[in-house]
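Biologist: I am new to this structure and would like to learn how to read it. Could we go through it feature by feature?

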Amino acid sequence: MGTLAEAIRQQAYTIYPIIQPADYPSLKTINFYLIQREGGLALIDAGVDSDSCMGRLEDTLKQAGADIRDLDAILLTHHHEDHAGLVPRLLEIKDIPVYAHRDAVPRLKMDRNFLEMRLEFFMRLYREMGCGEMGAERFARLEQTLRKAPQHALQAEINEIGEGDQIFGFEVIETPGHSPDSITFLDAAGRTAFTGDVLISGSSVNAIIDPTPNGSRLPSVSQQRRSLERLAGLGADILYTGHHEPIRIITGLVSDRISRMERKCEKLLKLIGSGISVPARITEAYYRDLYRTQFPLVMSEIIGHLDYLEEQGKVTKTMSDGVWHYQNA
Ligand SMILES: [Zn+2]
């Protein structure tokens, strides 16, 4: 009896969602979560770096009868700036342990070798995908980021967590695709999960192209597909997400997202079948004006889906004059 009661008590925790309005075009809110357990207080994600977001966190802590100095841990679902934004401010107040996936570390710390490798990766990628001028412009931007890196680097020890680890009463599940370091935190009852940006209600999620630590391209779209299937297979009742409303009809939304992926693939096969073979031209034909205004994002989408089609044996590619050409298999 004692042990069961003890187990249940240990599982009990309170979730305080912190909902920050977002001024991104396709995202209405940025969400992060204060978790209160007996004897502990943790954050899952840390919002954006702004005074208003900091104010919201302080108000929420007050509701929980606590303040920043009572925080015991910061758990990050991934390294993006709308998830790790307040970490530097919080660490200025208290040395709180930060936990993130191994692949988040060079990105959060803006490791110079890593960023240089990443710069080279994109330079070659855009060249080989036929991006010409647009690629060169983007490359200049990335170079600037590299120069400013020291100012934005997170100066903190990061505790690396990965698949199967237990942290603050949650199991870590690796769910890459949106980013290589995306992880999900599943509670001990298996009912509630905190999933970052793997699946968002009312908004599509981009699987963003990125290199591995040794410079090869991650299969972001097939990773994203597997991660979506993994979320559907958890059997959880609710997913607390990095943006928008929590998700309760999980398998329904997952199959909707997967069929969107498949529709995008069908459309790409048609474009390739019509004779457009260079990825930059395919992207232009698919996204029109967005090729210019949202270049890195839409390019990443098309390259990711081409990789996915190639993996399935539906397209092949050949190089001519240093540029890849895709054909239907
Ligand atoms: Zn993200």
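**The sheet and what surrounds it**

Modeller: Start with the sheet, which is open and mixed in pairing, with 5 strands in the order β7-β8-β9-β10-β11. Its edge strands are β7 (166-167) and β11, each of which pairs on one side only. This is a predicted model, in which local features need pLDDT of at least 70 and side-chain atom pairs count only at pLDDT 80 or more, while totals for chains, interfaces and linings use all residues. Residues are numbered from 1 along each chain as its sequence is written, and side-chain values use heavy atoms, with hydrogens and water left out.

Biologist: What counts as a strand, and when do two strands pair?

Modeller: Strands (E, at least two residues) and helices (H or I, at least four) are DSSP runs, numbered from the N terminus. Two strands pair if DSSP finds at least two bridges between them. Here β7 and β8 run antiparallel and are joined by 2 bridges; Ile167 stands opposite Phe170 in β8. Between β8 and β9 there are 5 bridges, again in the antiparallel sense, and Glu171 stands opposite Leu186 in β9. β9 and β10 are antiparallel too, with 2 bridges, and Phe185 has Phe194 in β10 as its bridge partner. The hairpin of β9 and β10 has 4 residues between the strands, and Gly190 there takes a positive phi near 75 degrees.

Biologist: Is β9 mostly covered or open?

Modeller: Buried means under 20% relative accessible area, exposed over 50%, and partly exposed in between (1.4 Å probe, protein chains only). In β9, 5 of its 5 residues are buried. Ile183, Phe185 and Asp187 lie on one side, Thr184 and Leu186 on the other, and both faces are covered.

Biologist: How do I read a helix such as α7, and what does it pack against?

Modeller: An α-helix has 3.6 residues a turn, so residues three or four places apart point the same way. The expected span of a helix is 1.5 Å times one less than its number of residues. Helix α7 (residues 220-233) has 14 residues and reaches 20 Å from first to last C-alpha, close to the 20 Å expected. Its buried residues include Ser220, Val221, Gln224, Ser227, Leu228 and Leu231. Contact means heavy atoms within 4.5 Å, and the buried residues of α7 pack against β9 (183-187), β10 (192-196), β11 (238-241), α8 (250-273) and α11 (295-311). Just after α7, Gly235 takes a positive phi of about 75 degrees.

Biologist: Which residues are the protein donors of the zinc ion?

Modeller: Donors are N, O and S atoms within 2.8 Å of the metal (3.2 Å for Na, K and Ca); water is not among the atoms, so sites may look incomplete. The zinc ion has His78 (NE2), His80 (ND1), His178 (NE2) and Asp197 (OD), lying 2.1 to 2.4 Å from it. Of these, His178 is in the loop between β8 (170-174) and β9, and Asp197 is in the loop between β10 and α7, 19 residues apart. His178 counts as buried because its relative accessibility is 9%; Asp197 is buried at 4%.

Biologist: Why is the arrangement around the zinc ion called irregular?

Modeller: Four donors count as tetrahedral if all angles lie between 85 and 135 degrees; four count as square planar and six as octahedral if opposite donors are over 155 degrees apart and all others between 65 and 115; anything else is irregular. The 4 donor atoms here subtend angles of 91 to 173 degrees, so the arrangement is irregular.
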